[in-house]
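Please open the structure in your viewer and keep the selection panel at hand.

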Amino acid sequence: ADLEVTHWWTSAGEAAAVAEFARVFEEETGNKWIDSALAGSGTGANPVIISRIIGGDPMGATQMNTGRDAEELIQAGLIRDLTDVVADMDIDSFYVDQSLLEPCKIDGGLYCLPVNIHSWDWLWLSTKAYEKIGQPVPKDWNEYVASWPKLQEAGILPFGLATGWPFSGIPGVLMSGIGGSDLVLKINRDKDAEAVRSPEFRKVAEALDALRKVVSPETMVPSFGDVGTQLIEGTAAGNIHGDWLQGDLQVAGAVPGKDYECLPALGLGTQLTGGGDSFYFPVLPEGTDPAVIEAQAQLARTLISPEAQLAFNLKKGSMPIRTDIDLSQANPCMQKALGLLKNGLLPSGDFALSSDTQQQMQDLNTEFLDDDSITVDDYIERYASIIESAD
Amino acid sequence: MAGSSSRPSALKKFFLHNLSAKVAAIPMVATVLVVFIGCTIWTIYYSFTNSKLLPTGKFVGFDQYERLFATSRWNVSVINLLMYGAMSLVLTLGLGFLLAVLMDQKIRFESAFRTIMLYPFALSFIVTGLVWQWIMNPTLGLQGTMRNLGWTNFTFDWIANPRMVLFALLIAGLWQGVGFCMVLMLAGLRGVDEEIWKAARVDGIPTWRTYISVVLPMMRGVLVTAVVLIGSGIVRLYDLVVALTNGGPGISSEVPAKYVYNYMFSGGNIGQGLAAATMMLLTVLIIMVPWAYLEFGGKGRK
Amino acid sequence: MTGSAPATGGNTATDPRGPRPKPFFTPKKIMIYTTLVFFTLYFLFPLYVMVVTSLKTMPEIRFGNIFALPSAPSFDAWVKAWTSACTGLTCNGLSPGFWNSVKITIPSTIVSIFIAAVNGYALVNWRFKGSEIFFAVLIFGSFIPYQVMLYPLVILTRSMGIFGTLQAVIVIHTIFGMPILTLLFRNYFASLPQELFKAARVDGAGFWRIFFEIMLPMSLPIFVVALILQITGIWNDFLFGVVFAGPQNYPMTVQLNNIVNSAQGTPEYNVNMAATVLTGLVPLIIYFVSGKLFVRGVAAGAVKG
Amino acid sequence: MQPSVSIKDLSLNFGNVKVLDRLNLDIAQGEFIVLLGPSGCGKSTLLNCIAGLLDVSDGQIFINGKNVTWEEPKDRGIGMVFQSYALYPQMTVERNLSFGLRVAGMPKDEINRRVARAAEILQIQPLLNRKPANLSGGQRQRVAIGRALVRDVDVFLFDEPLSNLDAKLRSDLRVEIKRLHARLKNTMIYVTHDQIEALTLADRIAIMKNGVIQQLADPHTIYNKPVNLYVAGFIGSPSMNFISGSLDGATFTADDGTKIPVGAYDFAAQRTGASKAVLGVRPEHILLGDAAQGMPFQTQAEIEIVEPMGSETLAWTKVAGIPVTFRCSSDIPLHAGDKVTVGFDIARGSLFDAKSENRL
Amino acid sequence: MQPSVSIKDLSLNFGNVKVLDRLNLDIAQGEFIVLLGPSGCGKSTLLNCIAGLLDVSDGQIFINGKNVTWEEPKDRGIGMVFQSYALYPQMTVERNLSFGLRVAGMPKDEINRRVARAAEILQIQPLLNRKPANLSGGQRQRVAIGRALVRDVDVFLFDEPLSNLDAKLRSDLRVEIKRLHARLKNTMIYVTHDQIEALTLADRIAIMKNGVIQQLADPHTIYNKPVNLYVAGFIGSPSMNFISGSLDGATFTADDGTKIPVGAYDFAAQRTGASKAVLGVRPEHILLGDAAQGMPFQTQAEIEIVEPMGSETLAWTKVAGIPVTFRCSSDIPLHAGDKVTVGFDIARGSLFDAKSENRL
Ligand SMILES: Nc1ncnc2c1ncn2[C@@H]1O[C@H](COP(=O)(O)OP(=O)(O)OP(=O)(O)O)[C@@H](O)[C@H]1O
Ligand SMILES: Nc1ncnc2c1ncn2[C@@H]1O[C@H](COP(=O)(O)OP(=O)(O)OP(=O)(O)O)[C@@H](O)[C@H]1O
Ligand SMILES: [Mg+2]
Ligand SMILES: [Mg+2]
């Protein structure tokens, strides 16, 4: 049967990755994957997906962020419970980290399947840039910061940044790298505002403050893909961005270790924060061809199958949710990540916080980046008050 | 009297009199009642709830509003809209009028000029935003080009400069909207009685003075139409911002419609989005009611 | 009569006679044309950039300047944008979206204009109690941000059972086109002599007959305006098409959005620009072709407030 | 005989504005009634009520004995001709004429017969295939009349049908309408504010002011025996001359003391005592020079302005200190500054009570 | 004396259309000239040329001896009053009057003095603070005149200033303009297509047709001795009656054979032989009954239509087989169908050559 799948994986690496899902799905089950991609994640795709579900014209399956986005759709009975579908797979046994499945489990049902783990926790560094100034590529955040003056002298951007949302992931990375796992858990999981006011967090905020001083709106590029280009060309020295940047770097033909270096958890931490993408399967309206409903189930099972997981994540540059697959083909960066994954996953902001809180956080960060009149103290105070009111 | 029996009952008159007219008005009446009034009430109602992703929340009084006014992004959005709106309104009308006046001078190639000024109106804001973003891109656009050509001091970084970004929006917005305003104004100018012009010439009034003091005040109808069109566009300003600056740098070009949209869809806080929307409606209402009163109430007709 | 010739008379060469001499370059003229040319450049520049960029290769864009003409104009980007640019897995370019846009635009335009014309006609000639109030609310409605109405309209169309179909998007475009079109038609019909309407009523024609046989044949100018406004508006629409029309009907703008907003490695600016120009082509052609009629129609519909 | 049109206690309000207030009017079969009054007095409103184009607020309208108060215009047996012609611009003359018949679903040949007849009566056969835009004003007006004609109605309503035409055409078409009425003998109700049209066309004139009929009578009576000051002043061009003063028995004393004997006046009612009054005399009843000699009242006057109008001359002078116009043949040479004797016969004048403004 | 306005060989083309062709006109100081002609004959065009609102194609214009052909309107010493009033709608009357002066930078008190004087002359003092929208038509027209008045100009140009007004107001304002002229003694050029205005106001009338002046003379001459058929037919309402036939010596033979003696006619030139001719006689020169008895020509006729106009009556009959109108006092009772004797004196009529259409 034909199964429509919506997602917002439209960048080069993402598209290549999702094609693997489609391929495996079609090969294994004989169904047809009707691709319905929508660019522009939050602003572009979300309203369409949500309104189609509540409008009674649901797609067969849809990608969304793992997290609390869909909570209410689930509570409204619009999302299919997958418990029976995967009952025989014993999914609890192979998921990398139980916390990944937490958001999908509501009132005893299983409503979504995380299909990958991706992490913001990456500092990307340009080999070429450091060649230019004749220094070795830094090994951690502190070395990196120390190299900034030299870079600036050479006319190289210390930190490449794209306008808009890419900045919003950076504070979380600094928090886990500089602040450490405990701080992350206290703030994101326990919503502990006092932790925000602690000296540990202050260090994070100060790092952010330092960062904003070396980026200027003038030098910002339109999209994070452009930052990738800057790194390859060596016009910018470093960037903090999620692992999907790697997909784009690969598409552009860059080789890790040679053209760029990657430091998970800023080279400081021992754990990665991670979230991921999940698939949801809306309840189809009455009268739908049972074959389609069956195809939903088959897709669900396919997505978390070892074969699909491997193919998908290699292309996407993210980590699979299964521990039981052979990742020897993975590149050095991914290998590093796998190593850290063994220490367990820290819940990232979009896992633990509601999208409302995330939106507020993002607003605060964007404002802080841009407006120098907001001091570190202001930032901490406002951050604390958002955490205080978070639900 | 014989006739009184043939007078239809009030009820029959109400339903059957001009029946087709009433039937034909159903779409409009339905739209007004269900969509415009209904949705407004819906919006206002749910702005008092804590609805998240779906409009199902509990009543929480003015909580959403309190949060709204404590949010600096919202406050910045409002100020941006006011500033952009004022500048855009004034400049669109002003440039539209100026261009219309120039076009009214019996110039050659009038229709070519007019077509050129009007064509941006045919393009969507998304396209407008993209093109201008491309042109104003500090490295790849006009600035970069000029610097490469040797003018190293040439600076045109408005979309990257928080203090100037509203002007960047303005450039793109004017580019899109001025032509249409010009056409409206030109229509207005051409509608002015020829004899008024003659009278002014005989009186020795300079041409520019005639335009300002005599002709402009006579174009009330056109001005009202233009202000309604431009004004509704300004209040709804969204696509252009998203396409051109996406609210940045920082939050320096955020606008209320974007705030509403973000909180309703990606922020998953419908209550907050609707509270913001309600404030927008309220503002429009405050501006529109006096106008509507003048326009419809003042004449003393039913 | 010659006897009464004034003292200053006589046809000396210096004596003003005949048309006032008009130098070709007056300061006024120079000013007018300079200003117009300046604005013309302002208006044309983006179009120029769009077209020129779409004809360049990527390296040329990266290192060249935006004014420069393409060294070797190539339509590759256009071909790619039209036939093979990707959105997710489908790499069909804009062409399927084009036909979907046609499929949405034609019926939506017809229905929305028809309804607005009937509204305008009813408001002018068949006033009923409160009709002016309805109209005022309608105008007020044109100020409501579309996004606010999205949820309720989804619920509404769902309860009508048309969500995700062509009908839904037609209804939505009719609703949102209604304020401004009704304003135009109302103004236009109000400028027609009332007596025509009365004459037709005395002749026994009813609501529809008068509308179709008397009013419509006289409203060509305003129809042109409405047509142009709606075609371009609906063609350029993104939100309603994507939300209400259903995935089988996604309009061209959705594809455009996917192509340009996809966070691809290195944005292919030339393909983006080609896609942009292609998407804008239909409204542009309409404006270039019917500009004159449009202007005339605006004059007929907008001048009376 | 049953009246052709009968209006009973008709009221019409626009919102709070009472435009017509309990108006009554009976029009006989075949009568030519002219509604005359200044702009805004409610003439068109009344006509539209009769036509059914406005909903009355109160009262009833009968046409040929049938209560049509709530009928549609087309069912009232009326035809209407408008000031702006109101021809359908996109239709040929022939289709303009036949539109109403086609709407009514009349058979083709009957339509053709009627159109041909109307075209013949109005002599517009050569125009049948033209569009209104290609017709002159007079031709358009004829087509507009034709449109009423083909409908074979009992009552014709005209709303200032000639006021968009120039003076010359107006007087030609006036005669044509008069001929048409003589030929068709329909009831015609004709609205105008041109008193010449009213006087020349009407069997009876209804003079309106603020929605109230002031006087309803034949033109001769209206002109010579106006019921009140308003009618007297409204009818006649130039206006009747008014001299205010007081009346005591058979003597009228103007405000400046001039005494005018009014013994010959035909008072409407016996009256006693002195009272304030206004004496009115029409310009053509003021005679000049020799002709004035035999008049009961004579005085010396100086000519102030002379307006030669070709066939006759209008002159302005002062009588009893009040500016007065009179009219005389253009054969009499008159110049500003001339001193002349003028006189008139009160039997041809009018006297009005100064307070009630009604005719004495 | 130097003419006030002198137009020499004036030509004006709109594209290929020659609207005025080598037109000459001299207007004396203080003269009141009326340009009269049908619509489209070029009256407004001529006036606009004089005002400087149109660029002439050829020829010259002198005002007070100064060649103003290339001058700006404001420098020509003219003031102009328009048909549509052309008041600045958003300004009060006072500002309407003073706007031109203020722009010219005139001192405040001089402006006030002039406005006050104009307001006094036109009696619009109470209106000074109103806006045009709140004025009646007549008041607006007065303000429009005032705007010309404050400029203290030598020449007043009027372009159909009264044609938007109703008949009554028109005749009142006509008198006012006449008074104004008598008081100011400016040169006035007045365009109209209303012949009554022309006849009553003008010192001289220029009758135009297709951009050519047909006759330029005082009203009496124009009315009684029209130079050609066109002028004869154009002036006079109702029109002059025309009987076509042939002229041989002292006898005019109508087409139906009726013989009319024309010995008493004052021929412009000696003539011999027979020729086709047209005899014209004005309605008021056709006499009736007893009055007709003494006339050189008499005939029996049947009344066809009677149009009572209050002060007089118009009647239609046939003479020599041709429809003829005549005018008589409303005292004479006339009815359609009456048989009457009518007659006229050819000395008061006109004879035109049928071919050249010129007066014989
Ligand atoms: N639709 C309307 N709404 C409100 N008032 C109206 C309307 N139509 C007419 N009136 C008012 O009713 C009064 C009578 O109008 P009507 O048109 O009958 O006058 P009229 O005698 O025909 O004048 P005219 O000679 O100018 O045509 C006027 O005072 C007018 O302002
Ligand atoms: N701007 C113009 N372009 C072309 N032709 C014109 C223009 N203005 C006037 N005409 C033509 O010139 C002729 C004379 O026009 P003009 O306005 O002088 O007539 P008029 O005698 O004033 O008529 P009316 O009594 O209607 O005002 C007309 O045939 C008219 O069509
Ligand atoms: Mg009327
Ligand atoms: Mg004219």
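The stops below visit a sheet in chain A and then a helix in chain D of this predicted model.

**First stop: the sheet in chain A**

Select the strands S8, S9, S7 and S10 of chain A, which form an open sheet in that order with mixed pairing. Strands of a sheet pair through backbone hydrogen bonds, either parallel or antiparallel. Colour S8 (157-159) and S10 (260-264) of chain A: these strands stand at the edges, and each has a single partner strand, so one side of each is left without a neighbour in the sheet. From one strand to the next, the twist averages 15°.

Next, select S7 (residues 122-126) of chain A, which pairs with S10(A) in the antiparallel sense over five bridges. On this pair, Ser126(A) is found opposite Tyr260(A) of S10(A).

**Second stop: the helices on the sheet**

Select residues 5-235 of chain D, listed by UniProt in an unreviewed entry as "domain: ABC transporter". This span is 37% helix and 26% strand.

Finally, select helix H4 (residues 137-149) of chain D. Is H4(D) mostly covered or uncovered? Ten of its 13 residues are buried, so described when under 20% of their relative accessible area remains. Among them are Arg142(D), Ile145(D) and Leu149(D). The buried residues pack against several elements, including helix H8 (194-202) of chain C and helix H5 (167-184) of chain D.

Conventions:
Residues are numbered from 1 along each chain as its sequence is written. Chains are lettered from A and ligands numbered from 1 in the order in which they are written. This is a predicted model: local features need pLDDT of at least 70, side-chain atom pairs count only at pLDDT 80 or more; totals for chains, interfaces and linings use all residues. Side-chain values use heavy atoms; hydrogens and water are left out. Two strands pair if DSSP finds at least two bridges between them. Helices (H or I, at least four residues) and strands (E, at least two) are DSSP runs, numbered from the N terminus. Axes are lines fitted to C-alpha atoms, for helices over the stretch in contact, and angles run from 0 to 180 degrees between N-to-C directions. UniProt positions are given in the numbering used here, feature names are shortened, and annotations may be inferred rather than shown by experiment. The expected span of a helix is 1.5 Å times one less than its number of residues. Buried means under 20% relative accessible area, exposed over 50%, partly exposed in between (1.4 Å probe, protein chains only). Contact means heavy atoms within 4.5 Å.
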